[in-house]
Amino acid sequence: MVLESGDTVIIMDTSYFRRDFGVMVFRDHYRKKNIFWKYLNYETIEEYRSGIEHIRLIGWNILGIVCDGRRGIFSSFGDIPIQMCQRHQVAIIRRYITKKPRLEAGKELREISLLLTKSEKDDFIFFLDQWYKKWKFFLMEKTYNEETGKWHYTHKRLRSAYRSLKTNLPYLFTCLEYPDLDIPNTTNSIEGLFSNLKTKLRVHSGMIKQRKTKIIDELLGK
């Protein structure tokens, strides 16, 4: 535990060491230190909310939050500016339409998503809007299922990828809207931390859970 206080931008995320054993970490971006962490079976919005409240109660003034953008999280912290990790958003698009989309519309959307970490907000919105204008009617195409007698959208995964970008857009450029706060655009620093933890624990793969938590506590507290 870091016994300090002051202004901070919190980077938060959860990593798992097995299916029912994870650690949720709240990291101070300015000091590059972990303020608070807790062990859990699975991450929930409520766990993040209670973690942020705990950090406030011990004296920290939270100026901004960087997170992976899981559903429901954006409305959970009042008026604190929230930045969704841009790399997570790119990964969401990749999961929907793959790294090498077959459709031309998918290829173009994939290219636009890769501009996310390099673009100004207005430029990115322009590219996305132009894409939608071009492919609007393509996205509306439906397919009839003779077995069920029902219609469904033909390009469901492509629609989901686009909808994800549109829905998360208000939180993808928070870092540029508050330049004085030095909010990072990704959760890279905490992901590097998790990678280091897993590398260290891999050497002790047969270790019991209690011993693993002691090692994690030691590494997170440095």
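Me: Over the ring of which residue does the charged end of Arg 159 sit?

Reply: The charged end of Arg 159 is placed 3.5 Å from the centre of the ring over which it sits; the criterion is NZ of Lys or CZ of Arg within 6 Å of the ring centre and within 35 degrees of the ring normal. Lys 142 lies over the face of this ring as well, at 5.3 Å from its centre. The ring that carries Arg 159 is that of Tyr 153.

Me: What kind of model is this, and from which number does residue numbering start?

Reply: This is a predicted model, in which local features need pLDDT of at least 70, side-chain atom pairs count only at pLDDT 80 or more, and totals for chains, interfaces and linings use all residues. Side-chain values rest on heavy atoms, without hydrogens and water, and residues along each chain, as its sequence is written, are numbered from 1.

Me: What share of the residues of the protein chain counts as buried?

Reply: The chain has eight helices and seven strands, which are DSSP runs (helices H or I, at least four residues; strands E, at least two) numbered from the N terminus. Its C-alpha trace spans about 60 × 45 × 30 Å along the principal axes. Buried means under 20% relative accessible area, exposed over 50% and partly exposed in between (1.4 Å probe, protein chains only). Of the 222 residues, the buried share is 45%.

Me: How many aromatic pairs does the structure hold, and what is the angle between the planes of Tyr 132 and Tyr 162?

Reply: The structure holds eleven aromatic pairs, where rings of Phe, Tyr and Trp (its six-membered ring) pair if their centres lie within 6.5 Å, with planes under 30 degrees apart counted as stacked, over 60 as edge-to-face and the rest as tilted. Tyr 132 and Tyr 162 form a stacked pair at 4.9 Å centre to centre, and the angle between their planes is 10°.

Me: Which helices does the pair of Tyr 132 and Tyr 162 tie together?

Reply: Tyr 132 is partly exposed at 28% relative accessible area, whereas Tyr 162 is buried at 12%. The pair ties together parts that are 30 residues apart in sequence, because Tyr 132 and Tyr 162 lie respectively in α4 (residues 121-139) and α5 (residues 156-168).

Me: Which residue makes a side-chain polar contact with Thr 14?

Reply: Thr 14 belongs to strand β1 (residues 6-18) and is buried, with a relative accessible area of 9%. A polar contact is a pair of N or O atoms within 3.5 Å; within protein, one must be able to donate a hydrogen and the other to accept it, and residues adjacent in sequence count only if both atoms are side-chain atoms. At 2.9 Å, the side-chain partner of Thr 14 is Tyr 48.

Me: How far apart in space are Ser 195 and Ser 15, C-alpha to C-alpha?

Reply: Ser 195 lies in helix α7 (residues 188-202) and is partly exposed, with a relative accessible area of 44%. In sequence, Ser 195 and Ser 15 are 180 residues apart. Their C-alpha to C-alpha distance in space is 9.2 Å.
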